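Welcome, and thanks for taking a look at this one. Here are a few points to read with the structure open beside you.

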Amino acid sequence: MAHLASYSLMRGQGVSTLMAACAQRLLNAAAAAGAASSPTLLCCGSPSSRPCSSSAAAGPEPDTEVAVIGAGVVGLAIARQLALAGRAVLLLEAAGTFGTETSSRNSEVIHAGLYYPAGSLKARLCVAGKQQLYAFCKQYGVPHRRLGKLLVASSPAQLDALSALAARAAANGVSDLRPLSKSEVGQLEPAVRCEAALLSPSTGIIDSHSYMAELHRQFEEAGGTTAFYSRVVGGAVAGPLKRVRVQDANSGEETELTAGMVVNAAGLHAQAVAADLDGLPAGTIPPLHLAKGSYFSLAAGSLAHIHGSSASGSSASGGSGGGGYRFRHLVYPLPEPGTAGLGTHLTLDLAGGVRFGPDVEWLPPGTDPRTIDYSLSPTQAQPFYAAIRAYLPGLPDDSLEPSYSGVRPKVVGPGQPAGDFVVQGPAEHGVPGLVNLYGIESPGLTASLALAQLAAERLLAPDH
């Protein structure tokens with residue numbers, strides 16, 4: 001991030017300082033080119049002020065070729081994708097760093113693509129994104145582990161649902177699921193009780209912060225520029241030159257910048273950003289439903305109580321606490337029909353720590369994402385015990401400790417079938433040079449690289 005230092009962005013100066021420095025660079029570049037040179041449109045999306053190639057080049061000069069709004073994991077992936085394709089990109093983020101909301105408040109799971117309706121964006125992009133993400137992590141040294149997941153039927157009544165899930169996964173192109181009997185599950189995870197299970201070998205875990213840091217590094221290395229503390233508060237997108245109004249989060253000062261193209265990847269704030277863009281048909285903006293999910297971690301010393309006599313012999317994997325047992329797989333119950341999540345599951349971090357969640361708490365309609373209270377109380381753990389004991393009966397009382405919470409931006413509300421990702425380009429909303437992404441919840445982390453490819457394709461596609 002060396003080139004950001006000259007703009008003092010990390011010191012909290014925001015986009016106004018960036019644009020002033022950018023304008024000076026353009027003047028210097030024009031003077032260096034000389035009056036005899038043919039005119040070239042330059043953009044502020046890179047320190048080198050590379051030429052623009054957007055359709056806005058025929059009119060007034062934009063400040064940047066592409067403005068990407070939101071530096072969560074998907075915004076970062078899109079910005080990187082466009083910068084690597086040679087576009088001059090300015091990444092706008094309201095917070096003081098990247099990935100402070102949904103991208104860092106989730107299970108950090110690399111999903112296999114089991115749950116989603118065949119042909120949906122979630123199904124297609126999760127399966128494709130999973131392979132891309134594993135390859136990315138391996139190539140760039142992002143910490144991750146492909147440890148597998150057990151999906152358990154905790155009663156005979158759930159066996160049909162387990163079979164249906166296996167069929168849905170096969171329809172999505174997931175071909176590595178393995179059915180397990182009760183005894184086979186016991187050999188893998190002695191503390192887990194169930195009637196049967198599916199083993200998903202391609203499910204894994206990832207250090208999401210390290211992944212986002214690597215996306216950001218590559219974005220800036222490719223010439224992209226980041227403006228933190230820069231909240232988008234309005235704009236106009238109808239013409240070839242997009243106008244974006246940005247407020248400095250520290251000073252409150254507003255600056256208007258222009259861009260040839262705009263990507264709205266603002267996550268929890270995507271609908272609000274879209275509603276403030278003049279020229280975008282309001283009817284194309286889906287509703288926003290916020291679902292809060294809380295996580296609780298397993299207290300130190302609780303593993304021995306959970307596993308009892310099974311925490312010995314070949315089941316042990318040399319875990320923490322003097323060589324005691326530790327889980328080797330993620331464990332997921334079957335999703336309950338009519339709920340908004342995948343159930344209160346057992347996940348692991350890369351250090352072997354155990355946490356459970358998330359639950360589903362629908363926030364009141366109209367809740368401003370900026371006012372969300374992410375705090376947790378120990379009393380909120382009480383409903384977790386019954387849900388977890390359905391597959392982990394040895395969980396002792398008072399063994400859960402508050403960990404963290406997150407909020408999922410959904411496009412459908414309580415009691416409705418699960419919604420899909422919404423990625424709207426000109427073909428969907430009729431505005432050239434604009435892409436809006438809505439409802440980017442799980443499996444958004446897994447699908448992030450595939451989502452970036454799709455967003456770039458729709459942004460750069462010829463006018464419909």
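Two strands pair if DSSP finds at least two bridges between them. Please keep in mind that this is a predicted model.

1. β3 and β8 are joined by 2 bridges and run antiparallel. Within this pairing, Ile-110 stands opposite Gly-204 of β8. The sheet as a whole is open and has 3 strands, in the order β3-β8-β4, with antiparallel pairing. Because β3 (109-110) and β4 (144-145) each have a single partner strand, they stand at the edges, and one side of each is left without a neighbour in the sheet.

2. Next, have a look at strand β7, residues 196-200. How many of its residues are buried? The count is 5 of 5, so to speak a strand that is mostly covered. Both faces are covered: Ala-196, Leu-198 and Ser-200 are buried on one side, and Ala-197 and Leu-199 are buried on the other.

3. Which strands are joined to β7? One of them is β5 (residues 149-153), which runs antiparallel to β7 and is joined to it by 5 bridges. Here Leu-151 has Leu-198 as its bridge partner. Strand β6 (residues 178-181) also runs antiparallel to β7, with 4 bridges between them. In that pairing, Leu-180 stands opposite Ala-197.

4. Helix α6 covers residues 208-221, which makes 14 residues. From first C-alpha to last it reaches 20 Å, close to the 20 Å expected at 1.5 Å a residue. At the start of the helix, a side-chain oxygen of Asp-207 comes to within 3.2 Å of the backbone nitrogen of His-209. Just after the helix, Gly-223 takes a positive phi of about 110°.

5. Staying with α6, its buried residues include Tyr-211, Met-212, Leu-215 and Phe-219, and Glu-214 and His-216 are buried too. What covers the buried residues of this helix? Among the covering elements are helices α2 (73-84), α3 (121-140) and α12 (448-460), along with strands β2 (89-92), β8 (204-206) and β9 (225-227).

6. Finally, find Val-435 in strand β21, residues 434-438. Is Val-435 buried or exposed? Val-435 counts as buried because its relative accessibility is 0%, and the cut-off for buried is under 20%. Leaving aside residues up to four places away in sequence, Val-435 touches several others, including Val-262, Val-263, Asn-264, Val-423, His-429, Ala-455 and Leu-459. Of these, Asn-264 is 171 residues away from Val-435 along the chain, yet their C-alpha atoms are separated by 6.2 Å.

Notes: Residues numbered from 1 in each chain as written. Predicted model: local features only at pLDDT ≥ 70, side-chain atom pairs only at ≥ 80, totals over all residues. Heavy atoms only, no water. Buried < 20%, exposed > 50% of the residue type's maximum accessible area, 1.4 Å probe, protein only. Contact = heavy atoms within 4.5 Å. Expected span 1.5 Å × (residues − 1). Polar contact = N/O pair within 3.5 Å; in protein donor to acceptor, adjacent residues only side chain to side chain.
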